[in-house]
Amino acid sequence: MMRRIITALALAVTLAANCAASASGHVVIIDGDTLKIDGMTIRIVEIDTPETFRSRCENELVLGLKAKERLAQLVRGGADVTYKSTGIDRFGRTLAHVFAGSVNVGEVLMREGLALRYEKGSEAKAAQLKVWCGPPAELPLYAPAEQVVAAQEKPKTESDATVYYPNCAAARAAGATPIRAGETGYSRKLDRDGDGVACE
């Protein structure tokens, strides 16, 4: 009897993770590859779009805003919005393919040049920045060493921080990202979407 109950629960969890869920409620666009549906943060699994918060160059910001606007057009165009979950990422966000009607919005953003296919690793991130911001010589990929030292020596400004980072570039240069709430260096001003994870 117990084995049947456990098996049934496992099957239910598997079905829930793999079925398409309707997004009939309130949709909030966070950026070009992230949105909230009924309060659930969903990261479109197959793409990366330029950052609109803490952008590394002006062109990245411009492109990121275009991607964000296009995502809003797609999911608010009148078609039913659904998503198919593929799991949860390390930040607690639901990873999913998102559809407006039968249209995969991630594929549309890639096809229109507003997103790149998601790839893991720092080398992939550096390659993306080359696409969005030009040659590395023109791009402040990392904060200067003296800026990192200054950031580490600056007095804390929040009760739970022992290290202060003026921006995410400094935190990345120090190898501290992502920073979760309660961890050294976390600051609410670095947490763009208020999900408890800064510089993600």
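Predicted model: local features only at pLDDT ≥ 70, side-chain atom pairs only at ≥ 80, totals over all residues.

Student: How far apart are the sulfur atoms of C57 and C133?

Tutor: A disulfide is a pair of cysteine sulfur atoms within 2.5 Å. C57 and C133 form such a link, and their sulfur atoms are apart by 2.0 Å.

Student: Are C57 and C133 buried or exposed?

Tutor: The term buried requires under 20% relative accessible area, and exposed requires over 50%. Both C57 and C133 fall in one class, namely buried.

Student: How many disulfides does the structure hold?

Tutor: Besides the link of C57 and C133, C168 and C199 form a disulfide. The pairing of the bonded cysteines, numbered in sequence order, is 1-2, 3-4. The number of disulfides in the structure is 2.

Student: How many residues apart in sequence are the parts that C168 and C199 tie together?

Tutor: The sulfur atoms of C168 and C199 are 2.0 Å apart. C168 lies in helix 6 (residues 168-173) and C199 in the segment after strand 11 (197-198), so the parts that the pair ties together are apart in sequence by 31 residues.

Student: What is the handedness of the disulfide of C168 and C199?

Tutor: C168 and C199 are buried. The torsion about their S-S bond is about -85°, so the disulfide is left-handed.

Student: Where do the buried residues of helix 4 fall when seen down its axis?

Tutor: The buried residues of helix 4 are A124, Q128, L129, W132 and C133. Seen down the axis of helix 4, these residues fall within an arc of 145°, so they line one face of the helix.

Student: Which residues are exposed on the other side of helix 4?

Tutor: The buried residues of helix 4 pack against strand 5, helix 2 and strand 9 (116-117). On the other side of helix 4, the exposed residues are E123 and V131.

Technical notes
Residues numbered from 1 in each chain as written. Heavy atoms only, no water. Buried < 20%, exposed > 50% of the residue type's maximum accessible area, 1.4 Å probe, protein only. Helix = DSSP H or I, 4+ residues; strand = E, 2+ residues; numbered from the N terminus. Arc of directions from axis to C-beta. Contact = heavy atoms within 4.5 Å.
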